[in-house]
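Subject: Structure handover and findings

Hello,

Here is the structure I said I would pass on. My notes on it follow below.

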Amino acid sequence: MTDTVVVIYSGGMDSFTLLHLARARGYQVHALSFDYGQRHVRELECARRVCTELSIPHKVIDIRALAEVMAGSALTGKGAVPEGHYEEESMKATVVPNRNMILLSLATGYAVTAGAVAVWYGAHGGDHAIYPDCRPEFVEKMDAVCRVANYEPVGIEAPFMGSDKGAILAEGVKLGLDYSKTWTCYNGRKKACGRCGSCVERLEAFAANGLSDPLPYEVER
């Protein structure tokens with residue numbers, strides 16, 4: 001297989017696994033990252049390093065100018081990031097308005113330019129409760145639109161849609177991946193906080209696989 005795909009690569013553990021899965025399946029990968037003003041922007045540093053190591057074409061697109069129309073999220077504002085599990089109502093504060101529709105639209109344009117057959121992104125089963133743009137119906141409709149939006153059809157694929165974070169990590173372990181090269185915490189400090197929804201879910205995934213997370217944390221584990 002010599003087909004090319006564009007992988008939306010945040011630098012987190014899900015997209016890190018997705019990037020390597022695409023390579024393992026024989027795709028030529030173009031990685032696309034976005035700076036949308038997220039406070040955990042250090043994940044982009046992880047993305048850059050990994051793509052450099054793997055010699056993967058990588059573009060980081062600055063869309064911070066869109067902040068005025070993507071406001072209201074704890075991930076881009078100055079308020080505190082809520083702590084707890086994604087099933088909790090408070091985690092809705094981490095929703096960035098229309099983020100994935102915007103990112104997928106831009107990635108589709110890049111896919112046409114790069115001659116890619118599809119855009120991959122890391123939406124997964126654990127996201128469904130909180131994020132509308134990570135649910136199956138959203139992916140199905142975005143896929144339908146992006147196949148007719150240009151002369152060249154581009155598919156939208158979320159290979160982890162039926163998986164939780166534990167299953168994604170298990171896939172990465174099979175691929176021999178080093179998760180110290182990722183960043184997940186919503187707080188972009190020196191160490192991961194261990195309390196935000198992203199950290200909680202990540203730690204649960206490692207525990208489910210009988211593994212220890214290689215990242216340093218502010219709280220004892």
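How many aromatic pairs does the count come to? The count comes to three. Please keep in mind throughout that this is a predicted model.

Aromatic residues

Two of the pairs share Y179. In one, F16 and Y179 are arranged edge-to-face, with 5.4 Å between the centres and 70 degrees between the planes. This pair links distant parts of the chain, as F16 belongs to helix α1 (residues 13–24) and Y179 to the loop between α5 and α6, 163 residues away.

F16, Y179 and F206 form one aromatic cluster. F16 is buried. Y179 has a relative accessibility of 4% and therefore counts as buried. F206 is buried as well, with a relative accessible area of 4%.

R42, W183 and K190

The charged end of R42 sits over the ring of W183, 3.7 Å from the centre of that ring. K190 touches both R42 and W183, leaving out residues up to four places away in sequence. Along the chain, K190 and R42 are 148 residues apart, yet their C-alpha atoms are 9.4 Å apart in space. K190 is part of the loop between α5 (165–174) and α6 (197–208). Is K190 buried or exposed? It counts as exposed, because its relative accessibility is 73% and the cut-off for exposed is over 50%.

Annotated binding site

An unreviewed UniProt entry lists Y9, S10, G11, G12, M13, D14, S15, F16, T17, L18 and L19 under "binding site".

S10 lies in the loop between β1 and α1. With a relative accessibility of 28%, S10 counts as partly exposed. Beyond its neighbours within four places in sequence, S10 is in contact with S15, E43, L44 and A47. A polar atom of the S10 side chain is 3.0 Å from the backbone nitrogen of G12.

S15 is in helix α1. S15 is buried, at a relative accessible area of 6%. Its contacts, with neighbours within four places in sequence left aside, are I8, Y9 and S10. A polar atom of the S15 side chain lies 3.4 Å from the backbone nitrogen of G11.

Two further serines

S33 is in strand β2. It is buried, with a relative accessible area of 1%. Not counting residues up to four places away in sequence, S33 touches Y9, L44, A47, H58, K59, V60 and I61. L44 and A47 are also among the contacts of S10.

S55 is found in the loop between α2 (42–54) and β3 (58–62). Its phi is positive, at about 55 degrees, although S55 is not a glycine. At 65% relative accessibility, S55 counts as exposed.

Nonpolar cores

In soluble globular proteins, nonpolar side chains tend to be buried together. Which residues have the most contacts inside the largest nonpolar core? They are V6, I8, L104, V119, Y121 and I156, in a core of 36 residues. The elements giving two or more residues to this core are β1 (4–8), β2 (28–35), α3 (99–114) and α4 (136–146). Of these, α3 gives the most, with five residues.

I156 touches L104, T108, V119, Y121, V139, M142, D143 and C146, residues up to four places away in sequence not being counted. Apart from this core lies another, of 25 residues, including L19, A31, V50 and A205.

Regards

Key:
Residues numbered from 1 in each chain as written. Predicted model: local features only at pLDDT ≥ 70, side-chain atom pairs only at ≥ 80, totals over all residues. Heavy atoms only, no water. Core = buried A, V, L, I, M, F, W, Y, C linked by side-chain atoms within 4.5 Å. Buried < 20%, exposed > 50% of the residue type's maximum accessible area, 1.4 Å probe, protein only. Helix = DSSP H or I, 4+ residues; strand = E, 2+ residues; numbered from the N terminus. Contact = heavy atoms within 4.5 Å. Phe/Tyr/Trp six-rings, centres within 6.5 Å; stacked < 30°, edge-to-face > 60°. Lys NZ or Arg CZ within 6 Å of the ring centre and 35° of its normal. UniProt positions renumbered as here; feature names shortened; annotations may be inferred. Polar contact = N/O pair within 3.5 Å; in protein donor to acceptor, adjacent residues only side chain to side chain.
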